[in-house]
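Subject: Handover of a structure and its findings

Dear colleague,

Please find the structure below, together with its sequence. A short account of what was found follows it.

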Amino acid sequence: IVHTTLTLEFCLETMAQIIKPVWDEWDYGGDIEFLRKECYPLMREMALFYAAYAKKGDDGCYHIIPSMEPEKWGWYAELARNKDVISSLCMFRWALNRTAEASEILGVDADLRGKWREVADNLAPYPTWDTPEGPVFSAIQGVEPKNVPGDHFGEAAEFPTILADEINLDSPKEQRDMMLRTARKLSAAGTTGQTLLLLGVPARSMWDRFDAETLLNSRSGRMHLFPAVPSDAELAFRNFQARGGFLVSAAKNAREVYFLEVQPRRNNICRIMNPWPGRPVTVREAGKAEAVPVQIDKSNGECLVFSTIAGKKYSIQVQSDQVQ
C-alpha cells in the first residue's frame with residue numbers, strides 16, 4: 001500500500017466518490033453485465049470496509065471516527081472534531097445502500113445486505129449550525145460553515161446534495177429548505193450554483209448556469225422535467241439519460257410540455273413527475289393503440305408510475321379532451 005498524504009487518507013468519502021461514477025454508468029445505462037462484472041466487485045469491497053469502520057456508540061448510532069473534512073483538513077487535539085464529518089456520513093450511507101441494492105438485483109450476498117442497511121440506517125445525524133435564518137448543515141459539528149477564498153470545491157456541507165443525491169427534489173421540504181439555506185450562506189463557493197439548480201432553483205439567467213439537469217433531474221429516482229428553467233422558456237432535449245436506465249426526450253413551449261417519450265434500456269418501473277398535474281394522462285407503447293396501466297403516486301407531488309420493457313418506446317400525453 002502506497003501512503004501519500006496522511007490527512008487526505010482520512011477523507012473517508014473519497015473511496016465512494018471514486019466509485020460513484022461507476023455506479024452511475026450502471027444506473028443510467030442499465031447494462032446488467034457491467035453491474036455484475038465491473039461495478040459490484042468494487043462496491044462490495046467498499047461496503048465491507050465502510051461497515052467495519054463505522055462503530056456503534058452508546059447512543060445507538062454508528063460513528064465515523066476518525067474522519068477528516070475534505071479540502072480544509074486538519075487534526076484536532078484528541079480528535080475532538082475528527083468525527084462524523086458530513087461528507088463521510090453521506091457517502092457511507094450512499095455506498096452501503098447502493099451496494100445492498102446492487103446485491104439484491106444480482107441475487108448475491110444476502111447475508112451481508114442486512115448489515116450494510118443497518119449501518120446506513122443508523123449513522124450519526126448530520127452536523128448543523130444555527131443561523132438567524134434557521135439551521136444549516138455544516139461539515140463538522142461546532143464549526144460554522146464558510147467558504148474560504150481559493151477553495152476549488154466549496155463546502156462539504158453541500159455533499160448530501162451534490163454527491164450523495166440524498167437531499168434532492170423529492171426530499172421533505174424541511175430538508176430541502178435547510179440545504180437551500182446552506183448553499184446561500186456559502187454563496188461564494190464554487191458548488192453553490194449546482195446545489196441550487198439540483199434543488200430546482202433557476203439561475204438568474206438560464207444561460208448563467210446551464211447543464212443537463214436543468215432540463216431533466218432524476219437523482220431521486222423520479223424524473224423531473226425542466227425543473228430549473230424559467231416557466232416560459234421554449235426548450236427541447238432528446239435521449240437524455242435518467243436513473244433507472246431510461247432515455248428521455250421532451251419538449252416544451254412557453255405554456256406547457258407538448259412532447260414526452262421514454263425508452264427503457266432494461267425492464268424497470270418508470271417514475272416520472274406528471275408535467276400536467278391534475279390532468280388525465282395516457283401512456284402508450286409505440287405502435288400500440290391500447291394504453292399502458294398507470295398509477296398516480298401522490299406521496300410528494302403527482303408522479304406517474306408504470307411498468308416498461310427494455311427496448312420499447314413509451315409516449316406520454318395529456319388526454320386531448322383536456323388540452324386547453
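Please note that the model is a predicted one. Leaving aside residues up to four places away in sequence, N217 touches L169, L198, R222, M223, H224 and P227.

The next topic is a sheet. Three strands form an open sheet in the order β10-β13-β12, with antiparallel pairing. Strands β10 (268-273) and β12 (295-297) stand at the edges with a single partner strand each, so one side of each has no neighbour in the sheet. On average, neighbouring strands of this sheet are turned by 30 degrees against each other, direction ignored. The antiparallel pairing of β12 with β13 (residues 303-308) runs over three bridges, and D297 stands opposite C303 in β13.

Finally, how many disulfides does a search of the whole structure find? The search finds zero. The closest cysteine sulfur to that of C61 is in C90, 16 Å away, which is too far for a bond. C90 is likewise in no disulfide, as the nearest cysteine sulfur, that of C11, is 13 Å away. C90 is buried, with a relative accessible area of 0%.

Yours sincerely

How values were computed: Residues are numbered from 1 along each chain as its sequence is written. This is a predicted model: local features need pLDDT of at least 70, side-chain atom pairs count only at pLDDT 80 or more; totals for chains, interfaces and linings use all residues. Side-chain values use heavy atoms; hydrogens and water are left out. Two strands pair if DSSP finds at least two bridges between them. Helices (H or I, at least four residues) and strands (E, at least two) are DSSP runs, numbered from the N terminus. Axes are lines fitted to C-alpha atoms, for helices over the stretch in contact, and angles run from 0 to 180 degrees between N-to-C directions. A disulfide is a pair of cysteine sulfur atoms within 2.5 Å. Buried means under 20% relative accessible area, exposed over 50%, partly exposed in between (1.4 Å probe, protein chains only). Contact means heavy atoms within 4.5 Å.
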